[in-house]
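Thanks for asking me to look this over. Here are my notes, as numbered points, with the model beside them.

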Amino acid sequence: MIRQEFSRADPKRRTALDPKKRQFAPATFQNVEYKHRLNFYVTPPTADITLEQFEQWAIDRLRVLAEIEACSFRNKNLTETAAHMKPLLDKYLPLTSSTSNSAATQIERQKDHYSHFILRLAFASTEDLRRRFSRAETTLFRIRFQDNDSRERQKFVEGLNLDLEIVSDEERREYAEELRAAGGGFPKRIEEESYYKVDWEKVPELIEHRRVFLKGGKAYVPGREQLSMVIAEFTNKLDKALETTSRALPRLDEDDRLSPILTHLSQNFTTPDANYSSSSTSLPGADISARNIDTLSSSFPLCMQNLHRSLRRDAHLKHFGRLQYSLFLKGIGLNLEECLVFWRGAFNKITDDTFNKEYRYNVRHVYGDVGGDSNRRGNGYSPFSCQKILTEHPPGPGEAHGCPYRHFSIDNLTALLQQVGVKDHEVLKGVKEDKEKQKFHLACNRVFEYAHKQEIKKVRDDGTWGAAQLETIVHPNEYFKRSYLLKNLGKNPTDGGGDVKMED
Ligand code: SF4
């Protein structure tokens, strides 16, 4: 490969060490023993892991961080966020307490450690990514810190060697009144509380809420506010480390194994990627047939509703539109024969001959019925995730593919939403704000929640759906499946989805 000449391993450095000495030199790559459940991520990992672990661990952490960010956009407070995140953390990034002391505990901690550093590399490149990564990581740390056993937490804090100056008894008595005033009259007797002096920049949260006494650039922090100090220190260290990492990034470009993975990961922070699997999106018993697509389309996400509407209006779709839509239809369970019937019926201004010559092959190719061996073995291509639709092949003039939340102007987007029944002023305003902040999939989830609010309330209240089933949607096929199931609660799916309606 051409790029091998840019390999990171510098041949001069490689040969500099005498082979005899090398075998007795201390190992550079070492496994770390993780004493604490929590980690300040000060020391980078150095042991070997496989490329598959590298990628999978990072993807798992990314799911967690993206969902934390989604919680913050929905204005969930920390308690609500922690409750929402619990099943996801248990699934993707579990961290058991030190009392279990098993080999699995060490592996969990290793995954936590490595995945943090991998994403640090992926998200150090721009200021926006650094800021978002730092915020999501800080929330994750805060959730875990509060969830920690109190003795374990204390041991962890002691091990941090935070640069805290203890306020002497004399000074405490001298400022007793001010300290009590800052604590809202607490403690009654100043001897009942210990205080630390720290630089005021280290506790912005306490300053903002006027919970500390300030003097000479120092904040007098009561012991009970330990969490704020630890969190501030965590963020502070992480922000500095991200800056340093961003300066080192150009050197990493030389590694042609890691760069593509890191680029892919950072793109996924725009919208977390989702793997499609037919088993996870199929709806056994539902009438997924060519004649029922019009009815089912009211449960489609806006990207697919737009394609469907354009197809019905023009009796035609351009190449990428056909590809995006065919894959989606395949993903909802439309088989090849029905898909061919659907397209033939939709392209009703052309002859059979033209259809067979120009379009039939493409549809069969999507299903893996024709094409190269690998395409056939793999049953064709997978339906596109939001991430792919949002970031690849933006639509040009006359094309209807892509994501309306990203590729439409705000006026056209609002008009389309109104056409599909989303008329609520607050929802439209929220979508506009999401679009301005480039949170396209959150706008889509906002519309989903609005269109299914009664059903979501029901499954939440009666406990039939957990948080994991109501996780942020990042795939059009997941959108359809969830919409279909919600709109058909308690109905026999063999009814054919006749009552599936997204429009109020
Ligand atoms: Fe489609 Fe995803 Fe865009 Fe929603 S966010 S409209 S599902 S591409």
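1. Let me begin with the cysteines: a search of the whole structure turns up 0 disulfides, a disulfide being a pair of cysteine sulfur atoms within 2.5 Å. Cys-303 counts as buried because its relative accessibility is 9%, and Cys-339 is buried too, at 0%. Buried here means under 20% relative accessible area, exposed over 50%, and partly exposed in between, with a 1.4 Å probe and protein chains only.

2. A word on where this comes from: it is a predicted model, in which local features need pLDDT of at least 70 and side-chain atom pairs count only at pLDDT 80 or more, while totals for chains, interfaces and linings use all residues. Residues are numbered from 1 along each chain as its sequence is written, and side-chain values use heavy atoms, with hydrogens and water left out.

3. Now to the ligand. Around it you will find Pro-301, Cys-303, Cys-386, Ile-389, Cys-403, Tyr-405, His-441, Cys-444 and Pro-476; a residue is near a molecule if one of its heavy atoms lies within 4 Å of it. This shell divides into 8 nonpolar residues, 1 polar and no charged. In that count, Ala, Val, Leu, Ile, Met, Phe, Trp, Tyr, Cys and Pro are nonpolar, Asp, Glu, Lys and Arg charged, and the others, Gly among them, polar.

4. Which helices each supply at least two residues of the shell? They are H21 (386-391) and H25 (440-451). Helices (H or I, at least four residues) and strands (E, at least two) are DSSP runs, numbered from the N terminus.

5. The ligand sits in the largest cavity. On a 1 Å grid over the protein atoms alone, a cavity is a set of points where a 1.4 Å probe fits but cannot get out, and a molecule sits in it if more than half of its atoms lie within 2 Å of its grid points.

6. Phe-328 is 148 residues away from Pro-476 in sequence, yet their C-alpha atoms are 7.4 Å apart in space.

7. Elsewhere there is an open sheet of 4 strands in the order E1-E2-E4-E3, with antiparallel pairing. E1 and E3 (213-215) are the edge strands, each pairing on one side only. Two strands pair if DSSP finds at least two bridges between them.

8. Going across the sheet, E1 (residues 165-166) meets E2 (residues 195-199) through 2 bridges, with Glu-165 opposite Lys-197. E2 and E4 (residues 218-222) share 5 bridges; Val-198 partners Ala-219, and Tyr-196 faces Val-221. E3 joins E4 by 3 bridges, including Phe-213 with Tyr-220.

9. Finally, E3 and E4 form a hairpin with 2 residues between them, and Gly-216 in the turn has a positive phi of about 55°. E4 is mostly covered, with 4 of its 5 residues buried.

Notes: 1 Å grid on protein atoms, 1.4 Å probe; cavity = no way out; pocket = protein on both sides within 12 Å on 5 of 7 lines; lining within 4 Å.
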